[in-house]
Every structure is written in C-alpha cells, then in structure tokens.
Amino acid sequence: MIRSDDSQSYEELNGDGSDKQPDFHQSIFDDPDVEEPNGRSVAPDEDLPESGPSLRFSKACLKSVFTVFLIFVYLLLTTVAVFLAYQTITDFLEKLNHPVMSVIYKEVDFFPPPGIALYLGKAQLLSCKHYNHNYIPPLVAPGTPEVGDCTKEQVSYVGPFTNQTQKQALVVQGPSDVRNKEVIFMQFSLTDADEDFSAITYMLFAKFGDLALSPDKPAFMMDCEKNYSMWTFSGGFRTWVKMSLVMTSGKKDDAVEFRQESGVVKYNDRRTNITDELFFVVFEWRDPFIQEIKLIVTANPWNSVAILCGVFMALFKAANFAKLSVSWMIRMRKRHLRNRARELNSVT
C-alpha cells in the first residue's frame, strides 16, 4: 500500500509542481551575471526581454534622433568654420594687395637739384639765370640772348613711345636752396611756328646728378620718360611753376614723382619789330617739405594663422564627434538587433 507521503513526493515530481520549475532561458535573462554561450557576460544595462521592448525601443530611437540632431548642429558649425576660414584668407589677400597709405611731411633746407628736360623743337633758349627770394629783375632787352649761369647738358635719345623717333632734350639743373627761395628764370624765342598754338614741352626728374654720372645718358633719359610725366608752357606768357616732391616707399622699388602748381601771367610785348614769339618760365620749390608716402600692409599673418588654426581645430573636433556618433549609432543598431534575435529565440 502506497503511503501518503510517498504519493505526495510523487506528485511533487510528476504533478502540479511542474509549472513552478524555472525555465532555462528565463534564468539566463534574470541573472545579469550569467554568461552567454559565446562566453560574453550580459551587461546589466543591456535591454532584456522582460524590461519592456517598446520602452527600450523608444529610448534607443530618442537617443538616435538626439545624435542626428547633434550631428546636424556640428555640420552647421563646420560650415560656419569653413566660411570663416574662407573669409579670413580673402581679407588677408585683400589687405595684402591694397596697402594703406601713411603720409609724412619731412622738412629740409636743400633739395637735391632736379633735372628739367626741355624739348625745344624749333625754339631757342635765350637766357637761364638763378635768382633768390623770388626776385626777378625787369627784362632789359627781351628777345636778345643773355649770359646765364645755369648748368645745361644736351642729350639725344630714341623716344620710348614715338616709334624709334630721335628726340633732343636740353637738360637744365634745377633750383636747390629752398630756404632762400631759389628760382630759375628761362627765356625762349620761337620763329616760324608751324602750329597755331605754340608751346614747349618739359619734364622733371628727381636728380640732375644722376644724369651727369650716368654712363649711358640716352638710356637714362628713356627710363625717365617712361616714369615721369610731361608738361607744357605756352608762348606769350610767363609761366610760374612751383614744384613739390613726393616719395613713395613700400613697393618693390621706391618711386619719386613731382607735383606742380603753375600760374600764368600775360606778357606785354612792347617790341616794335616782332618777328618771333617769346616764352618765359620760372621754376621754384613750393615749400620746404618732402611728402613721403609709405605703403603699410595692415594684414597681420600671425592673426590669420591663429584664426585658421582655431578653425581647423574646430573642424577636426567636429569630424571626430561625427565619427564617434556614427560609431555609437551603429553599435546601438547592432545591439538592438541582437536583443531582438534573443527575444525571438526565447519565444521559439
């Protein structure tokens, strides 16, 4: 006869107590420290099948959306950084090609004697004299050659802009003593003028001594004509030319140029037998100041380099962040697929 305790133990083995036996798959996911078949332990923060699949999926989706938003923000910042780098380089090149002019006035007592190149043509130089304090005595015998005290030199050369045409230039040494208001007064005459309006062309260059010491004077005059401007004064007038010197530095080659202010006074010719036309011109310095123009480049290369370094560091950090974000999204996607496969395995 079977005892009651034996039947009870039998029922515990084969009866209703079988539904209380823990499932093998359930014990694996309940214990966070249980290792997977491949030997990797399941981390506690991994999404488990019993913790709500919809909640876990919503959190992963929210994290993915937030990561995409951060990537978009960093791409926007990267675009701004690239634009800033382009703008910095453009501004640097603009300032490099367009320097700022700084004007300084330097006072002197003596100017280097300039060269006055006169292109007379058919005209004739009658007199050339130096005077001080702007005092020019009245003409005793206008139209008559007089003894002068100017230093002159005749130069023949080929004009650079006249198709190999031979040019004759009478070069006169200009005034130097600006404190005593030194002037040079010259008188010319012209007979048998072909044009209705007669004029004499002249050119000013920096130093008369450069011509005197030049071994190739025709080539020197050709270079002067290329670099300096030409002016004219008319017949029948006394033209008063006031010169000022402008020196420009900061380029590859320093440049020197003349600026002039001219005034014209009508000459009353009282001669009885007029067979020619008279020209009168006075050269003097306008003031004892040399205008020095310095071209200053305001573009600072170190500031531009510092800005570009900051921009490139920002680009590097943005690229690094985007790389890590994409790697994190891929890892989260693989993790989600692994957990879903685990859920399917537990169901089957």
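Predicted model: local features only at pLDDT ≥ 70, side-chain atom pairs only at ≥ 80, totals over all residues.
Close-up 1. Ile89 belongs to helix α3, which covers residues 53-97. With a relative accessible area of 42%, Ile89 is partly exposed.

**Close-up 2. Lys167 and its polar partner Glu225.** Look for Lys167 in strand β5, residues 166-173. This lysine counts as buried because its relative accessibility is 18%, under the 20% cut-off. Its side chain joins that of Glu225 through a polar contact of 2.8 Å. Beyond its neighbours within four places in sequence, Lys167 is also in contact with residues including Tyr119, Val155, Tyr157, Thr162 and Met230.

**Close-up 3. Tyr228 in the loop between α5 and β8.** The loop that holds Tyr228 lies between α5 (217-227) and β8 (230-234). Tyr228 counts as buried, at 17% relative accessibility. The tyrosine side chain reaches the backbone nitrogen of Ala206 at 3.5 Å. Setting aside neighbours within four places in sequence, Tyr228 is in contact with Met203, Leu204, Phe205, Ala206, Val256, Glu257 and Phe258. Take a moment to find Phe258: it is 30 residues from Tyr228 in sequence, yet the two C-alpha atoms are 8.0 Å apart in space.

**Close-up 4. Helix α6 from end to end, residues 301-347.** Follow this helix through its 47 residues: from first C-alpha to last it reaches 69 Å, close to the 69 Å expected at 1.5 Å a residue. The buried residues of α6 are Ser304, Leu308, Val311, Ala318, Ser325, Met332, Arg335, Asn339 and Arg342.

Conventions: Residues numbered from 1 in each chain as written. Heavy atoms only, no water. Helix = DSSP H or I, 4+ residues; strand = E, 2+ residues; numbered from the N terminus. Expected span 1.5 Å × (residues − 1). Buried < 20%, exposed > 50% of the residue type's maximum accessible area, 1.4 Å probe, protein only. Polar contact = N/O pair within 3.5 Å; in protein donor to acceptor, adjacent residues only side chain to side chain. Contact = heavy atoms within 4.5 Å.
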